[in-house]
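Here is a friendly walk through the structure, written as a set of numbered points. Please keep the 3D view open while you read.

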Amino acid sequence: MSTSTDIETTYADDAEKVSLWDRIGRPVAPFAWPMVLAGAVILAAGCFLSWSYTDEVLGDLSIDFYPGAVQNLMIIAAVLAVIFALMYRGPFSRLGEWLASATALRVLGLGTTVFMALVIALIGVQAGGLVNVMPGAWISFVGAVLILLGAAGLTPRASKDPLHAHLPSWLEILTIVALLAIVLFGAAYVLDIEDGTVFSLVVLFTGLVAFTLTRAGFFTWVGIIAQTHRRVLMLGAVAVAFLFPFTQDGSDANMSIATQVLIFASTALGLNIVVGLAGLLDLGYIAFLGAGAYVGAMFSHSAFATIGWKPNFLLVVIFGALVSATLGLIIGSPTLRVSGDYLAIVTLAFGEIFRLAMGNLDGQDGPRLTNGPNGIPAIPDLEIGSFNFGETHEVFGITLGRFANYYFLLLVVAAIIITVFTRLNNSRIGRGWIAIREDEKAAEAMGVNTFGLKLFAFAGGAFLAGMAGTIKAHHDVSVTPDQYIFLESAFLLAAVVLGGMGTVAGVLIGATILKLMPEKLRFVADYRLLIFGLLLVLMMRFRPEGLVASKRRQLEFHEEDEELADRVEEVHLVEEQEAKA
Amino acid sequence: MTAVDETIRTDRPDDGPVLEATGVTMRFGGLTAVNNVGMTVRPGEILGLIGPNGAGKTTFFNCLTGMYKPTEGRVRLLGNDLPPKPRAVVMAGMARTFQNIRLFGNMTALENVMVGRYCRTSSMALTSILRGPKFRREERETRARAQELLEFVGLGKSSEHLARNMPYGDQRRLEIARALATEPKLLLLDEPTAGMNPRETQQASDLIFRIRDSGLAVVVIEHDMRFIFNLCDRVLCLVNGQVLVEGTPGEVQSDPRVIEAYIGGAADDEEGDA
């Protein structure tokens, strides 16, 4: 420690972190690398032995040479550790020049050790005492600790920046395809997990792997190749989304969750135009979805529909969208001229007014449009042409049920919203929105129509939500006022903020997390306000730009950070070069 | 001054004044920041606006550009009355830069200038979403024009750099490029050389001359007297919100009232420096 006093005084935080790893690692440094390899082998070996006496705990971990779900995760961890170790020294060392293998191994080692400790504790708690933990689990734990200690003994080397890595483009495309395949099968696998604890562990492990790869610099490279092969990525993502129902083989439970996620994500993407692009805080966005849903219900073939006219569904979609957009114009035009805070308050109130109004338009206090609190029930399934969305179909021997039908339709809606989002973002209008976010007065002084652009974002967002709402009415079968409470608006906003304002991928991830977790985990459903609240507080503290950061938003959140600004500029220059090449 | 007023009255659009502000007054409560100021800018001239700190120069700029709604007075650009709305002013052909640089820091230099093109382009939502040929053409032209302007101010190589990463002098020039992108007939520069070293100041003068030669009229607020008297065709001195003197640099420079009110203290310093 005396050797690095001057460093410690200038970079107190950094030096402490480094010295802690080094202090642990110094004694093992000479044989650190074999230690990591041995640890990985021991970790994997332990996974093939039984971990507990009973088969009741964490799925089934009691059979030798038949690894259960949690054990499979640790085998993946062991494989990753071996790959990173061979990057550090050995056959993959050329890859190791680009990726920070030692840092990744440290993160991975620490993560697996904590993970194993957690698993052992869980077995102990759930099976009634640590006696029930079989040697296999202890062996794996020792393996994890060996990886951790060995990784501490490795020296993190200054590697080349993965930003400037140039691989043959077939390899880059292959990587994208492989990643998308992992997403598809990962999603199918995760949705099939029945046990809540195992599900949480899988989610935790996914986070660990993602963090490890981030620290290794892998995602920097993925970001660049995603930019260069945008078409491939887009087609691939569409293919994955399209293929997902075929992995479910008629299971309605998962498809129901998937459609709900899709409705939620589409709405959040619409909100992202308002919040993420135009920078307007809308706390009543759910009302626009509700307006669309009510329009969809009122023009439906339900016996309780209040309007006699039954037009073509495409007409209803447009109608619902227009009604929503009109509401948006009415709310937006007086409030958008003043500062942003007013908009937040007015939209908050508007959301409540909408709910109350829908609860009262029952023929007593006003015209009979919504049947009051009873809402409009028994909305029949959609019928477009001769295709009935309630019917089950067989495609290539795979059953696609009612929810799969809606899933495909919602996929189209989501695709429309994403297209609108990205194209507006990369246009004259998008530049205007950024300028408004940066400095509204200066934007106005440069001739940007600030009021018009804000109003357009607001009404446009409402338009898209109304469109999604008309489909939601048929999907949900009934429309009632209590589906459109303020909390729903708050969750939509949370999905945008958590995922990353101004990004498509981020909001998709955020919406999936926020919708999937309560569906799969009882305790999250019971304490969802507490848990999501905590999650948001933590995000605001440690990563205000969201899980997937839009570069521009990241810069806005870190105005003082010059290193970040240089980095973003460097990435931008590389992207420009790639685009030209 | 009366002679100038006489030429305005004839109101000939071809060689009439670019800007004609009369009786502009701005009061904030009891404080009169700008008091009955008139200013005329003729085509192709560089007009300097000088005055001690707090004389109301920037407030006057804000009145001209619609950032403030003047309490009294009237502003005419190319013979048309200007409404006190910043956007309308830009559309009519008057653009400005700011005393404290107000770039869009997290956008690249090129994007900053492209924002300046906003009011001269017209792609709306549907064209932007459908990406038809009109959109592509306009986007291409916007980009090309912005790059041209960056090269004009000498930032052609920095187009992909983030505005906030650029050196101070470059940021000032970028602001000018952004203002030029709005295709103004008249450019208002608020202290374009503040914080610049002598070499950069020289470059700024050259740039302003080139802007004038491209057919624009320019009004410059500046404290650097050597810069102003070298650059301007006419100089207007503002003191306590009122016009003290207006004339050629020579006239203003030697006017005892200006020396009294403004250069008095500073003149000693300048002599000391020299």
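1. Let's begin with Arg178(B), which counts as buried because its relative accessibility is 0%; buried means under 20% relative accessible area, exposed over 50%, and partly exposed in between, with a 1.4 Å probe and protein chains only. Arg178(B) belongs to helix α7 of chain B. Helices (H or I, at least four residues) and strands (E, at least two) are DSSP runs numbered from the N terminus.

2. A word on what you are looking at: this is a predicted model, in which local features need pLDDT of at least 70 and side-chain atom pairs count only at pLDDT 80 or more, while totals for chains, interfaces and linings use all residues. Residues are numbered from 1 along each chain as its sequence is written, chains are lettered from A and ligands numbered from 1 in the order in which they are written, and side-chain values use heavy atoms, with hydrogens and water left out.

3. What surrounds Arg178(B), leaving aside its neighbours within four places in sequence? Its contacts (heavy atoms within 4.5 Å) include Phe98(B), Leu103(B), Phe104(B) and Asn112(B), and also Met446(A) from the other chain. A polar atom of the Arg178(B) side chain lies 2.9 Å from the backbone oxygen of Arg102(B).

4. Now for the interface. In total, 37 residues of chain A are in contact with 39 residues of chain B. The size of an interface is often given as the accessible area lost when the parts come together. Here the two chains bury about 3,500 Å² between them, 58% of it on carbon and sulfur atoms; buried area is the accessible area (1.4 Å probe) that two parts lose on being put together, summed over both. On the chain B side, Asn106(B), Tyr118(B) and Arg164(B) lose the most area to chain A, together 20% of what that side buries.

5. How many salt bridges does the rule find across the interface of chain B and chain A? There are four, a salt bridge being a side-chain nitrogen of Lys or Arg within 4 Å of a carboxyl oxygen of Asp or Glu. Arg164(B) forms a salt bridge with Glu559(A), and their closest N and O atoms are 3.6 Å apart. The elements of chain B that give two or more residues to the side touching chain A are α3 (86-92), α4 (109-116), α5 (125-130), α6 (133-152) and α7 (168-180).

6. Chain B as a whole has 11 helices and 10 strands. Of its 274 residues, 55% are buried. Among its contacts with a separation of 6 or more, 66% join residues 24 or more positions apart.

7. Phe65(A) has phi near 55° and sits in the loop between α3 (32-47) and α4 (69-88) of chain A; it counts as exposed because its relative accessibility is 63%. Leu78(B) has phi near 50° and lies in the loop between β4 (72-77) and β5 (80-81) of chain B. Leu78(B) is partly exposed, at 42% relative accessibility.

8. Finally, turn to helix α23 (residues 528-542) of chain A, where you will find Leu538(A). Leu538(A) is partly exposed, with a relative accessible area of 45%.

Definitions and conventions:
Polar contact = N/O pair within 3.5 Å; in protein donor to acceptor, adjacent residues only side chain to side chain.
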